[in-house]
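Q: Can we go through this structure together? I would like to start with the charged contacts and then move on.

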Amino acid sequence: MPDAPETPPARKIIHIDMDAFYASVEQRDNPELRGKPVAVGGSTGRGVVAAASYEARQFGVRSAMPSVTAKRRCPELIFVRARFDVYRAVSNQIRAIFRDYTDLVEPLSLDEAYLDVTRCRKLPTATAIAEEIRARINEATGLTASAGVSYNKFIAKIASDQNKPDGICVVTPKQGAAFVARLPVRRFHGVGPATEAKMQRLGIETGADLAAQSLEFLAAHFGKSAGYFHGAARGIDNRAVRPNRERKSLGAERTYFEDLHDRDAMIARLEEIADTVWERAEKSQSFGRTVTLKLRYADFDTPTRARSLDRPVASRDELLATGIALLDTLIPDERGVRLLGLTMSGFGEPEIAVDSEDEAAQLGLAF
């Protein structure tokens, strides 16, 4: 009787997350801001906090919070304008450090990324690699980073948030299931306030509660997310780190200080948004087939309309014309418009999830 196949050793995955990235860059570059509550974003009208320093977070200030709410919570809050050219430059410095250890780097944003260091032989363990990367980031940029080290992306990302700021958390394969069991379900990726409330109504408050449910039960209540929840609750996540992860969408939106009622004024704003989107598309050489218009009325009702072409959008003018055609399906409306956005998507063929085993399974691994 043939021997049963051996279970392949765990991968070594690191998730690096910069600490309060935008705000920390501003405090680094302006000594007068150090130690003070800082918010990056607009300070008046319908401004929104893009990032908050840890000093501001102590008052409950968070990203995506309306600026007026943030100022109410922290009267001493200092607002600074975002400088995305600077943040991108710093992000490029950090990514260059990552690539000294592996080519398998999957950026999620300017301030966080996954690294698969399974094959990296520069240092004996993933923990040592993560510590050296954090030290090099601090030396090169003057900023701190937190790291999660584990055997899959799901746990590594959660672990990077465990000991923030300037911390590291290591979760080995033997610890994974118990680590996840203790987590409140809101810590799971994909569980927002509505899903959390639904889970609580079903008596599911922790990872252990989620793991106690059958796949059939989860499918009945959470549809296509059932497989993800079923695996994640058991510490299982077979997703690969994808260095060339396909872009899913590209867009821009704007919130206006005064509600828009006139069609010509809306078209003028759409022109500005189309310019921004097309500039980003040309820079990344990403041209989608589907154009989506997002509109928010003054009462916060937020419908979207989309149109798909049989080929990628050919020009900025075609992008704008499609956006205007979609706009005309939603106006006129007496409520007025406070937000407009345009997004391109449909850049490639639908992604097919494939699990693969390769020579990494032959390596002896240590965390």
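Q: Before that, what kind of model is it, and what are the ground rules?
A: It is a predicted model, in which local features need pLDDT of at least 70 and side-chain atom pairs count only at pLDDT 80 or more, while totals for chains, interfaces and linings use all residues. Residues are numbered from 1 along each chain as its sequence is written, and side-chain values use heavy atoms, with hydrogens and water left out.

Q: How many salt bridges?
A: The count is 19 salt bridges, a salt bridge being a side-chain nitrogen of Lys or Arg within 4 Å of a carboxyl oxygen of Asp or Glu.

Q: What does Glu112 pair with?
A: Glu112 forms a salt bridge with Lys157, with 2.8 Å between the closest N and O atoms. This pair links distant parts of the chain, 45 residues apart: Glu112 sits in strand 6 (residues 112–116) and Lys157 in helix 6 (residues 153–159). Helices (H or I, at least four residues) and strands (E, at least two) are DSSP runs, numbered from the N terminus.

Q: Is Glu112 buried or exposed?
A: Glu112 is buried at 16% relative accessible area, and Lys157 is partly exposed at 28%. Buried means under 20% relative accessible area, exposed over 50%, and partly exposed in between (1.4 Å probe, protein chains only).

Q: And Arg134, what is its partner?
A: Arg134 meets Asp166 in a salt bridge, 2.7 Å from N to O. Those two also link distant parts of the chain, 32 residues apart, with Arg134 in helix 5 (residues 126–141) and Asp166 in the loop between helix 6 and strand 8 (168–170). Arg134 is buried at 11% relative accessibility; Asp166, at 46%, is partly exposed.

Q: Which residues are joined into a network?
A: Glu26, Arg28, Asp29 and Arg83, through salt bridges that share partners. One of the links is Asp29 to Arg28, at 2.8 Å from N to O.

Q: Switching topic: where does UniProt put the "binding site" feature?
A: The unreviewed UniProt entry places it at Asp17 and Asp111. UniProt positions are given in the numbering used here, feature names are shortened, and annotations may be inferred rather than shown by experiment.

Q: Why do they gather at one spot?
A: They span 95 residues in sequence, but no two of their C-alpha atoms are more than 5.9 Å apart, so they gather at one spot.

Q: Where is Asp17, and what does Asp17 touch?
A: Asp17 is in strand 1 (residues 13–18) and is buried at 15% relative accessibility. Not counting residues up to four places away in sequence, its contacts (heavy atoms within 4.5 Å) include Asp111, Glu112 and Lys164.

Q: Where is Asp111?
A: Asp111 is in the loop between strand 5 (105–109) and strand 6, partly exposed at 21%.

Q: Last topic: in what order do the four strands of the open sheet run?
A: The order is 9-12-10-11, with antiparallel pairing; two strands pair if DSSP finds at least two bridges between them. The edge strands are strand 9 (249–260) and strand 11 (304–308), each pairing on one side only.

Q: How many bridges between strand 10 and strand 11?
A: Strand 10 (residues 290–297) and strand 11 pair over five bridges, in the antiparallel sense. Val291 has Arg307 in strand 11 as its bridge partner.

Terms used
Contact = heavy atoms within 4.5 Å.
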